[in-house]
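This briefing is written for a reader who has the coordinates open alongside the text.

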Amino acid sequence: MPAFFLDYNLMPFHLSLLAIILFGVVKTIGFYFGLRSSKFLQKISPYNFQQLDLLNVKFSKTLIVFFFLMNFSFAGYVLQFLIYSQEFEFLPAYYLIIPALIIATFFTIFMIHCLDQVIPPKYKKNNVNLLGRLATISSGNARPGFSAQARVRDEYGQLHYVQVEPEFGELGFQSQIILIRTRKSHYIAKKICDSNQLFSLNLD
C-alpha cells in the first residue's frame, strides 16, 4: 500500500486528489469567515472571469474546479490501472497527463451542461419585460420541451440570463434569437436569419 501512494508515476493524480481535499477545507474555512475566492482572483488578475461563457452557470463556480480535479484524478487512475493490467507496471506519468487532461475537460464540460439544464435559476426577475428583444444562446441547445440559457439586455443596458425555448426546430449555442412571448417560467424565441443585416448586432 505505501508503494502505491509513493509511486511517482501516480503522483500527479495523487496531488489532484489531495488538491480536492485541500480545496474543500479552504472553502469550508472561507465560508465560516466570509471569505470569497472571487475577490481574491480580482486582486491578482484584472480580467473578469465572470464574463466567460463557461462560467455563466446557475450553480457555484467552485463545483467547476472540483469537477475538473476529480475527473483528472479519476481519468489518470483508470488509464494507469488499464496499462498495469496489461504490462504489470505503470506508464511514466508524463505520457498520461495530456490524455487525462483531455478526458477531464470533456467530462467536466458534460457535467456542467447537465447540471445547468436541471438546476433552476438563482434569481427570478418577473418585472422586466424582455419581449421583442434580441438575445444570444449562452449555454446549451434549446428545442421544444428543453430550454437553454440565453443572455439579453433590457432597455437600460442591464444584462439578464433567461431560459428560452423554440416553438419548433432547434436553437444552437451562440444562436442569435428574438424573444417573441412568454410561457410559464421561460420565453419562446425565434432564430434570426444570418442573412438579415438588420439584426447583425454584437450582443456580447
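Among contacts in the protein between residues at least 6 apart in sequence, those joining residues at least 24 apart account for 56%. The model is a predicted one, and buried residues make up 32% of its 204 residues. The protein has five helices and five strands, and from the N terminus on these elements follow the order α-α-α-α-α-β-β-β-β-β.

**Helix packing**

- Helix H2, residues 11-33, and helix H4, residues 62-87, have axes that come within 8 Å of each other and cross at roughly 155°.
- Because angles over 145 degrees count as roughly antiparallel, H2 and H4 are described as roughly antiparallel to each other, and their crossing is left-handed.
- On the side of H2, the contact is made by Pro-12, Phe-13, His-14, Ser-16, Leu-17, Ala-19, Ile-20, Phe-23 and Lys-27, while H4 contributes Thr-62, Val-65, Phe-66, Leu-69, Met-70, Phe-72, Ser-73, Gly-76, Tyr-77 and Gln-80.

**Ile-103 in helix H5**

- Ile-103 has its place in helix H5, which covers residues 97-118, and with a relative accessibility of 30% Ile-103 counts as partly exposed.
- When residues up to four places away in sequence are not counted, Ile-103 touches Ala-75 and Leu-79.
- Gly-76, one of the H4 residues in the contact with H2, lies 27 residues from Ile-103 along the chain, and the C-alpha atoms of Gly-76 and Ile-103 are separated by 9.1 Å.

**The strand barrel**

- The five strands form a closed barrel that runs S1-S2-S3-S5-S4 with mixed pairing, and the twist from one strand to the next averages 55°.
- Strand S1, residues 134-139, runs antiparallel to S2 and is joined to S2 by four bridges, and within this pairing Ala-135 has Val-152 of S2 as its bridge partner.
- S2 also pairs with strand S3, residues 159-166, in the antiparallel sense and over six bridges, with Ala-150 having Val-162 of S3 as its bridge partner.
- The hairpin of S2 and S3 has five residues between the strands, and in this hairpin Gly-157 takes a positive phi near 85°.
- Parallel pairing is found between S3 and S5, which are joined by three bridges, and here Glu-165 stands opposite Ile-188 of S5.

**Burial of strand S2**

- Strand S2 consists of residues 148-153, and five of its six residues are buried, so S2 is largely enclosed by the rest of the structure.

**His-186 in strand S5**

- His-186 is found in strand S5, which covers residues 186-191.
- Is His-186 buried or exposed? Because its relative accessibility is 14%, and the limit for a buried residue is under 20%, His-186 counts as buried.
- The side chains of His-186 and Glu-165 are joined by a polar contact of 3.2 Å.
- Leaving aside its neighbours within four places in sequence, His-186 is in contact with Gln-163, Val-164 and Glu-165.

How values were computed
Residues are numbered from 1 along each chain as its sequence is written. This is a predicted model: local features need pLDDT of at least 70, side-chain atom pairs count only at pLDDT 80 or more; totals for chains, interfaces and linings use all residues. Side-chain values use heavy atoms; hydrogens and water are left out. Buried means under 20% relative accessible area, exposed over 50%, partly exposed in between (1.4 Å probe, protein chains only). Helices (H or I, at least four residues) and strands (E, at least two) are DSSP runs, numbered from the N terminus. Two strands pair if DSSP finds at least two bridges between them. A polar contact is a pair of N or O atoms within 3.5 Å; within protein, one must be able to donate a hydrogen and the other to accept it, and residues adjacent in sequence count only if both atoms are side-chain atoms. Contact means heavy atoms within 4.5 Å. Axes are lines fitted to C-alpha atoms, for helices over the stretch in contact, and angles run from 0 to 180 degrees between N-to-C directions. Angles under 35 degrees count as roughly parallel, over 145 as roughly antiparallel, 65 to 115 as roughly perpendicular and the rest as oblique. A crossing is left-handed if the near helix is turned anticlockwise from the far one by less than a right angle, and right-handed if clockwise.
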